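Student: I would like to learn how to read a structure feature by feature. Can we take one and work through it together?

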Amino acid sequence: MARALRRKVCIAAADEAPAMRRWAELLAARHEVHLIEAPEAGEGIAALSFAGEDHRRSAAVLERIERAYGEDGPDLLLVGDRRAPGLVPLQARAAGHSSLRGTLVAVQLLATAELLALHDGRSSQPGEARAAELEREQLRLADRLVWPGGDSLDLYRRYYGDLRLPPAVRIAPAFTAPEPPQRPAPHDPSAPLRILYAGRLQRHEGVFDLVEACLRLPDDEWQLTLAGADTETASMGQSVRLTLEAMCGGDPRVRFEDEADLAGLAREHDLAAAPAGFAVGADPVLEAMAAGLPVLATPVGAQAEAVEPGVGGWLTEGTGTAAIERALTALLEDRDGVERVRRSGQAYESFLRLADPEPALDAFDELLAEVPSAGTAPAPAGAQEPLVTAVVPYYRAHRYVAEAVASLLAQTHANLRVVVVNDGSFEADDSVLEELELDPRVQVVHQLNRGDAIARNLGILLAEGEYLLMFDADNVLEPEFVSRALAMLQADPQLAYVTCWLRFVRADGEELEGRGYAPLGNRVVDGEEENWDGDTIALFPRRVLAGPAPTFDTEISMHADWLFYRRLRARGEFGAVIPERLARYRVHPDSLLRSTDERLHRRNWEEGRDRRRLADAQSVVER
């Protein structure tokens, strides 16, 4: 095919993703490649509250993209699926981020942390559920999946059947070819069959099945070397190596090596074993073939396509101990055949054919040719800006309300009005409201002191316009928030709201040691122990806030916004986040949230959650 134009490719590699680093090396032959490895959050965002370390590292990936590209971003961003390194960049692109507005984002299937945890029996461990939530959102937002072949794509479609997975592009794995291995010395077919497992001792890799299958074979006809780092993925989180050693009971036919040095071990063995119960790629198979070893592999992931029986190795009939035992028994009965394959050099030739980089590079060129115009589009010239009305409850906030309203009126979106609802605050200092009302864009209404939620609900009833902005009287909004959020709502009419990250400031307005809040939106986190849905500051289409029932629960003073976002989630209505600090959230040492202990916080939230569940149950009965 004709050589594609040289394009800009950014690759974000996870800590344990050598496949991503290989792509960076290979693509650099045709394109301008920037590799992001082990990103750490910079000082600007390090102190923000994130939904775990995976969320923080994804934010660091966005930082690195900004530094590397400025406003002229990459044509392609390739990220791994494991632990969602591309989630924040994807959110940023949806929000019209200048570095990613025209970037196609592809997710390489490596094996998500969710699938690995499931196969390793760790899905209930701390952090795994959150990683799964972030990964699912990354898969939902991506433009393309890149898969290496075999049944891995079908597995993802079955397991993630509730998601809208993006179109998939098959790109076989590619390796830089090593020097041809030396022809192995002849091996006496009457001697024990020497089997090598080289890789991490991890449950999903099938090491337990392999060892148990070997122990069932006839005595003195085999030897097994297990070479690789230990993990704590045995039953009950125990060491795999210690568990295997206990299984073997000191059996001299089994030995352990700390390092998986294929080059050094290949000449000492007759075949390599790739016994995985679950796999996406075929790295163990290809690495063994590159060292000249034929491979006995289970037919999972791309391994099923990488092994041509009798040429580069052999395939078992399935996964598990029994299938591996049957395959090894057949090989023991055909030692001459094993020796013929081992000395033929066909394993290395199979590697060269399978790992040829040219077809993979051509496939990436075709992918780059599809680069869309991503992100939110500007409004057409001459289009009338829709009316946005900000609803601002007010109570004894005379020191801050003028700055808050000024930040609203200074929005780059010009067609904006403000409704301030005075919740029974009638001291002399509250005369600042009269000054604000001199601006024709500002309306002030008064009610007896009945609480923030009732004031907000009243403001919603009085507000005009197609879009409503919820805001507090002591916060400050950056000038571009409304226009950015509005563009997202107009680009995706299904969105229920748009919020943003927050910058925490002291009462005097000074930044609070870089601290802030980085929500995810109400689609991502399923649990109800922490609020990652967003702050009250959000732009809504009027349809979301319309209805006879009050929008914000009037009896849950501290968590009415979070409760509302959970109600939207239960109705299948989801919001989005601009992953930039476009609002300054004033932290008062004597505020309600900070003067109430954690036990009362929890009690207040649980009461609101129970009220929502009761209301949902009653609505079902009424229907």
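**Confidence first**

Tutor: This is a predicted model. Residues 374–382 keep a pLDDT under 50, and the model gives them 15 contacts beyond four places in sequence. Residues 592–597 also have a pLDDT below 50, with 12 contacts beyond near neighbours in sequence.

Student: How should I read such stretches?

Tutor: Where pLDDT is low, the predicted coordinates should not be read in detail. For the chain, the average pLDDT is 91, and 91% of the residues score at least 70.

Student: Next, the sheet. In what order do the 6 strands come?

Tutor: The order is E10-E9-E8-E11-E12-E13, in an open sheet with parallel pairing. Strand E10 (254–257) and strand E13 (313–315) are the edges, and each pairs on one side only. From one strand to the next, the twist averages 20°.

Student: Over how many bridges do E8 and E9 pair?

Tutor: Strand E8 (residues 193–198) and strand E9 (residues 222–227) pair over 6 bridges, in the parallel sense. Arginine 194 stands opposite glutamine 223 in E9.

Student: Which strands does helix H7 touch?

Tutor: Helix H7 (residues 207–215) packs on the sheet and touches E8, E9 and strand E11 (271–274). The direction of H7 makes about 160° with that of E9. Helix H10 (residues 283–290) lies across E11 and strand E12 (295–297). H10 runs at about 170° to E12.

Student: And how do I describe helix against helix?

Tutor: Two packed helices are described by the angle between their axes and the distance between the axes. Take helix H4 (residues 113–120) and helix H5 (residues 128–141): their axes come within 8 Å and cross at roughly 140°.

Student: Which residues of H4 and H5 meet?

Tutor: From H4, Ala113, Glu114 and Ala117. From H5, Glu128, Ala131, Ala132, Glu135 and Arg136. The residues of this contact divide into 4 nonpolar, 4 charged and no polar.

Student: Where does alanine 172 lie, and which residues does it contact beyond four places in sequence?

Tutor: Alanine 172 lies in the loop between strand E7 (168–170) and E8. Leaving aside neighbours within four places in sequence, alanine 172 contacts Trp23, Pro148 and Ala360. Alanine 172 and glutamine 202 are 30 residues apart in sequence, and their C-alpha atoms are 24 Å apart in space.

Technical notes: Residues are numbered from 1 along each chain as its sequence is written. This is a predicted model: local features need pLDDT of at least 70, side-chain atom pairs count only at pLDDT 80 or more; totals for chains, interfaces and linings use all residues. Side-chain values use heavy atoms; hydrogens and water are left out. Two strands pair if DSSP finds at least two bridges between them. Helices (H or I, at least four residues) and strands (E, at least two) are DSSP runs, numbered from the N terminus. Axes are lines fitted to C-alpha atoms, for helices over the stretch in contact, and angles run from 0 to 180 degrees between N-to-C directions. Contact means heavy atoms within 4.5 Å. pLDDT is the predictor's confidence in each residue, from 0 to 100. Ala, Val, Leu, Ile, Met, Phe, Trp, Tyr, Cys and Pro count as nonpolar, Asp, Glu, Lys and Arg as charged, and the others, Gly among them, as polar.
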